[in-house]
Amino acid sequence: MAEDGYTSSATTAWEDHSTDLHTNAYGRPSFQSLDSVDENSSSAHELSTSPKTRSSSDSAPKSSSSQPWRDSTSAAFIDRRDTLSTIHTGTPSLVEPSFDENVLRALCELDCGVPLLLDRIKQGIVSCREAAVFFKKRAMVEDEYGKTLQKLSRSTSEMYALNDGKAGSFVSAWQSSMRIHEAMAENRIRFAQRLNEMSEELGTLVKEVDKNRKQTKDLATRYERALQESEGITEKCKNRLDFTSEELERVLLQKEGESIKDTGMQNRPGGAGAGGKRAIGKAVAKGGLLLKGKNPGNIQRQEDDIRARLSTASDQYRKAVTETQAMRQEYFNFQLPRILRALKECADEIDLGTQYHLTRYAFLFESIVLSDGSTLVPPSEEGLGLKSTIETIDNRGDFKNYMQNYAFARGSAPPRGPRREGPSDEGFLPPLPAFNEKTQARPVTPATNGSNGTQDKGRPTFGVDLGEQMLRDNVEVPPIMVKCCEAIEKHGIKSQGIYRVSGMTSKVANLRQKLEKDLEAVDLDAPEWSGDINNVASVLKMWLRELPDPLLTNSLHQGFIEAAKIENDRLRHIRLHERVNELPDPNYATLKYFLGHLHRVNQHAADNSMSMQNLAIVFGPTLFGQHASINGQGGVMADQTFQNMAIETILNHYTDIFIDESE
């Protein structure tokens, strides 16, 4: 270390790490002026062993009575010297093991180490501030985009419900696509919030680092100014010593000239006198008016006075040199490394903070893009994406349902176009035979039942689409449901466990066959059927189960389930009411009639023990059909609880959902 210009005490300060430094809230050391220690040596000793914790604001300039290195008296110098000796004989720690010591050494060897770090910190602050501004502006863009997209999705979804748009699979796909857009908008809004937080954190970092930079710069300026003032005092002492030395030299020359004059006048009065006058003239010319009197007594007194001043000037110069050397040693070997270390840590803090937030921004940006991608194309087990949702639109099926519903709604109205039927003699054509895939293979000739001779009219009821049945029969409610419900209300509304107790398998199959061949010919008031009304109830449940599309439809199944999952009773009622209103017209009319029948059955629950809950348990799977759950992890059983809850809620609010107050 000697070749690097460091003393042994400085070497100890560099290499030993046993003493803790003052640290502020950011882990950087706070600098304590040596003169802030009490003048007694005991307090000076406490500085090197147990420093008091304080904030970086304590390094601000103090009053003139406590400013470092301002006193030029010998007492102050002694205090500084004692403090230096106390510090250098201890084992202070300037560099933690994790700190880059080589960088700090290189900075200490540079004359421009402090301004270098100050400029570097200023560059880091500018870069950090620019990143904060970018995050702020990007947050504004993302927030505006997210809120605009969210507002557009919601308003579009609400407006479509108010307009006379397409129904069926199209409306389901449309509403699902709007929900996907709304989810993407929410992701953007959260991204904007994160960007705002990062911008604020960078702004706070800039303020803290700039504050510590200024405080450290002020501290370094005070130390440098104090060292320069000490060097100036040393220079003045040196000039005073040189001037006093010249005065002493002149007095000695004058004294020597007087001695020569006295000797010359006694030995050689002539020439010696002239020579003595010349010597005295030279001495006077050199000394000027320094010597007021020419007698030896005055010269001796002046010599003694000058020698005393010379001794004082020499002592002051020696003290100034010693003080400046100690101050320079303390500054370059102790205080400067502390200052450079603090500045380097400020630079590292602003650099690492900026890099951290930029890395965080890159991660968040990547995450939001991936989130948008997973929203548009989610994994197969998490539902449908935008493209898959649009592909669920079945225009052919939607048109078929629309045609059935339209014909059913307008069937009772008088025809607007040309007459279709009429007498053949007026030129009307015979009606076209009804086409049914399930009946094409049957013989044209009427078939009879060998056991009872019932004629098959070719109008099947079981397993036929509900809309086709109602369009074919030109009715508002399927005849089989009206027939069975009226018989049950007439003969079995007080029967214990009606709908819960199954009928005899053979009689149920026989009644199903009769109703399938000729519905109108079957008399359910006959003792054969009224005697055990459970057979009629079982046939009605069988007809509901065999519908190609369940009464509550497959397309609306998930909507009913999601509504049934709502815990709030009022909100669950409202959402289920909305789903019921979305049913096709044939399904809605049939459901309204059948639930009205169940409502009347429940009014006799004291006799038949069929509460709303029991009815919901019986007809939940029947009205929803054998529909698999959306995630495929539970089949029918996964949604059975919510199916029952949906039916029970609709039954409990039957009047609110189906009965118009104006009726």
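Which backbone nitrogen does the side chain of Glu-516 reach at 2.9 Å? In this predicted model, the backbone nitrogen in question belongs to Phe-462. A polar atom of the Glu-516 side chain also lies 3.1 Å from the backbone nitrogen of Thr-461. Glu-516 itself is found in helix 13, which spans residues 505–517, and it counts as buried because its relative accessibility is 13%, where the cut-off for burial is under 20%.

Helix 11 comprises residues 466–473, and its buried residues are Leu-466, Gly-467, Gln-469, Met-470 and Asp-473. These residues lie on the same side of helix 11, because they cover an arc of only 160° around the axis. The N-terminal end of helix 11 is capped by Asp-465, of which a side-chain oxygen is placed 3.0 Å from the backbone nitrogen of Gly-467. After helix 11 comes Asn-474, a residue with a positive phi, near 55°.

The largest nonpolar core contains 59 residues, and those with the most contacts inside it are Tyr-499, Phe-594, Leu-595 and Leu-623. The element that gives the most to this core is helix 15 (residues 533–545), with 8 residues. When residues up to four places away in sequence are not counted, Phe-594 touches Met-481, Cys-485, Tyr-499, Leu-540, Leu-544, Phe-619 and Leu-623.

Technical notes:
Residues are numbered from 1 along each chain as its sequence is written. This is a predicted model: local features need pLDDT of at least 70, side-chain atom pairs count only at pLDDT 80 or more; totals for chains, interfaces and linings use all residues. Side-chain values use heavy atoms; hydrogens and water are left out. Buried means under 20% relative accessible area, exposed over 50%, partly exposed in between (1.4 Å probe, protein chains only). Helices (H or I, at least four residues) and strands (E, at least two) are DSSP runs, numbered from the N terminus. The arc is that of the directions from the helix axis to the C-beta atoms. A polar contact is a pair of N or O atoms within 3.5 Å; within protein, one must be able to donate a hydrogen and the other to accept it, and residues adjacent in sequence count only if both atoms are side-chain atoms. A nonpolar core is a set of buried Ala, Val, Leu, Ile, Met, Phe, Trp, Tyr and Cys residues joined through side-chain atoms within 4.5 Å. Contact means heavy atoms within 4.5 Å.
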